[in-house]
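Open the model in your viewer and keep the selection panel at hand. This tour moves from the whole chain to single residues.

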Amino acid sequence: MPEWVWTVIGVAAGLAVIWAALAVALLIQARRAGWDLNWRDVIRLAPDLLRLLKRLASDKHVPRRTRWWLGGLLVYLLLPVDLIPDFIPVIGYADDAIVTVVALRYAVKHAGFEAVRRNWPGSPEGLASVLALARISPADERNSGA
């Protein structure tokens with residue numbers, strides 16, 4: 001099989017594992033908060049998050065430095081090279097999730113919560129879930145730059 005096919009398979013598998021990790025984290029967060037889960041939102045969580053990052057990276061109202069940061073994150077997530085190799089069980093994919101959470105917190109801090117809300121492609125419940133997973137509190141929302 002050509003090497004590019006293995007790369008595509010690796011990227012697809014990586015995205016599937018990241019989605020599963022986000023779904024498990026959302027399930028844990030929902031149980032802690034006493035929320036009812038809408039599984040349609042859970043299934044859409046990872047694609048919505050990737051679209052959010054892409055939209056923020058191309059939004060002209062977001063500061064240039066933040067757009068570069070988010071563009072770099074998208075490249076990092078799509079490249080098969082990671083800080084911790086993905087073949088290492090559990091922690092191999094954890095670096096992607098951690099880097100994504102750090103970038104999202106950075107984006108809310110520098111672009112403003114309104115930019116995140118404006119560019120969120122999913123449901124309000126999905127946005128609340130992502131913000132809860134990233135531990136972005138209502139105080140962060142009020143103190144953000146927009």
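Helices here are DSSP runs of H or I with at least four residues, strands are E runs of at least two, and both are numbered from the N terminus. The model is predicted, so to speak of local features pLDDT must be at least 70, side-chain atom pairs count only at pLDDT 80 or more, and totals for chains, interfaces and linings use all residues. Residues are numbered from 1 along each chain as its sequence is written, and side-chain values use heavy atoms, leaving out hydrogens and water.

**Whole chain.** Colour by secondary structure. The protein chain has seven helices and zero strands. Its pattern along the sequence reads α-α-α-α-α-α-α. Now show the surface. The chain exposes about 9,000 Å² (Shrake-Rupley method, 1.4 Å probe; for residues, only the protein chains shown count as cover). Carbon and sulfur atoms supply 65% of that area. Of the 146 residues, 38% are buried. Buried means under 20% relative accessible area, exposed means over 50%, and partly exposed lies in between (1.4 Å probe, protein chains only).

**The core.** Select L52, L56, L70 and L104. These have the most contacts inside the largest nonpolar core, which has 29 residues. Such a core is a set of buried Ala, Val, Leu, Ile, Met, Phe, Trp, Tyr and Cys residues joined through side-chain atoms within 4.5 Å. At least two core residues come from each of α1 (3-33), α2 (39-58), α3 (64-78), α4 (91-111), α5 (113-119) and α6 (124-133). The top contributor is α2, with seven residues.

Stay on L52. Which residues does L52 touch, leaving aside those up to four places away in sequence? They are L104, V116, N119, W120 and P121. A contact means heavy atoms within 4.5 Å.

**Helix α3.** Go to T66, which sits in α3. Is T66 buried or exposed? T66 is buried, because its relative accessible area is 1%. Beyond residues up to four places away in sequence, T66 touches Y106, A107, H110 and A111.

**Helix α6.** Select G126, L127, S129, V130, L131 and A132. These α6 residues are buried. Step on to R135, which follows α6 and has a positive phi, near 55°.

**Back to α1.** Finish with W6, in helix α1. W6 counts as exposed because its relative accessibility is 52%. With W6 they form a nonpolar surface patch of about 380 Å² accessible area together.

How values were computed:
Patch = residues over 30% accessible without salt bridge, like charges linked within 9 Å, V, L, I, M, F, W, Y side chains within 5 Å. Salt bridge = Lys/Arg side-chain N within 4 Å of Asp/Glu carboxyl O.
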